[in-house]
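Subject: Structure handover

Hello,

Here is the structure for your files. My notes on the pocket and the aromatic rings follow below it.

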Amino acid sequence: METILTPTRPSDKFKLQRWIYKIQHWIRHGIAQVFCLAVAVVCLFPLVWMVASSLKTQSTVFSDMSLWVKHAHWENYYQAWTRGHFGQYFFNSILYTTIVVFGVIITASMAAYAFSRLRFPGRNFLFILLISTMMIPIPGSFIALYVLLVKLHLIDTRLGYILPQINGGLALGVFLLKTFSSILSRSKVRP
C-alpha cells in the first residue's frame, strides 16, 4: 500500500514568524529608502542652488537667498556663451575628452590583452609595476611631468595636454580590461 503525503498546514507560530520577518524587512527597506532620499536631497541641493543663482542678477544673488527665482534672467546664459567664450571652452572640453577616452581605451585594451593572454618573461612584474603607479598621487608627478614636457617641447600644445591625460588613465584602464579579458578567456562562451 502506498503512503500519500499530504501537505501540512503551517503552524500559527510559523505564520507569526513569517509576518514578523516581513515587517522587519519592510521597516529596514523603508529606513534605507529614507536615508537614500536624504542623501540625494543633500547632493542635489548645490546643483539646484547653482541653477537658481545663475538666473538671478548680480545684486540679487547675495540679497535673495530663496531657491525660487521670481524674475528669471535668461540673458545670463547668452552673455556667458558670447562674452565669456563658453562655446569655445565647451568645444575644447568635448574634443579633449573624446581624444583622451579613445586613447585610453585603445592603449589600455592592447596592453590588457598582452598581460592577460600572452606569456612573456617579467609579465607579472611589469603588471604590478604598472598598477603600483596608481599609488603615486597626481600632484606628486607634476614636476617630473613638467620637466619631461619641456624637454620634449610640448609645453602649451594640445599634444602636451592629451598625452599626460592618457597616461593618467592608463593604469586603471589596463587593470579593469585585464580582469575582464581574464574572465572572458576562462569562460566557455566566446564573444
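The largest pocket has a volume of about 570 Å³. A pocket here is an open set of points on a 1 Å grid over the protein atoms alone, where a 1.4 Å probe fits, with protein on both sides within 12 Å along at least five of seven lines. The volume is the space filled by probe spheres set on the points, which are joined across faces, edges and corners.

This is a predicted model: local features need pLDDT of at least 70, side-chain atom pairs need 80 or more, and totals for chains, interfaces and linings use all residues. Residues count from 1 along each chain as its sequence is written, and side-chain values use heavy atoms, without hydrogens or water.

The pocket lining has 17 residues, each with an atom within 4 Å of a point. Ile138, Ser141, Pro164, Asn167 and Gly168 lie nearest the centre. Helix 7 gives the most, 8 residues.

Now the rings. Rings of Phe, Tyr and Trp (its six-membered ring) pair if their centres lie within 6.5 Å; planes under 30 degrees apart are stacked, over 60 edge-to-face, the rest tilted. The count is 8 aromatic pairs. Phe86 and Phe90 have ring centres 6.3 Å apart and planes at 20 degrees, so they are stacked. Phe86 is partly exposed at 42% relative accessibility, and Phe90 is partly exposed at 45%. (Buried is under 20% relative accessible area, exposed over 50%, partly exposed in between, with a 1.4 Å probe and protein chains only.) Trp81, Phe86 and Phe90 form one aromatic cluster.

Best wishes

Key: Helices (H or I, at least four residues) and strands (E, at least two) are DSSP runs, numbered from the N terminus.
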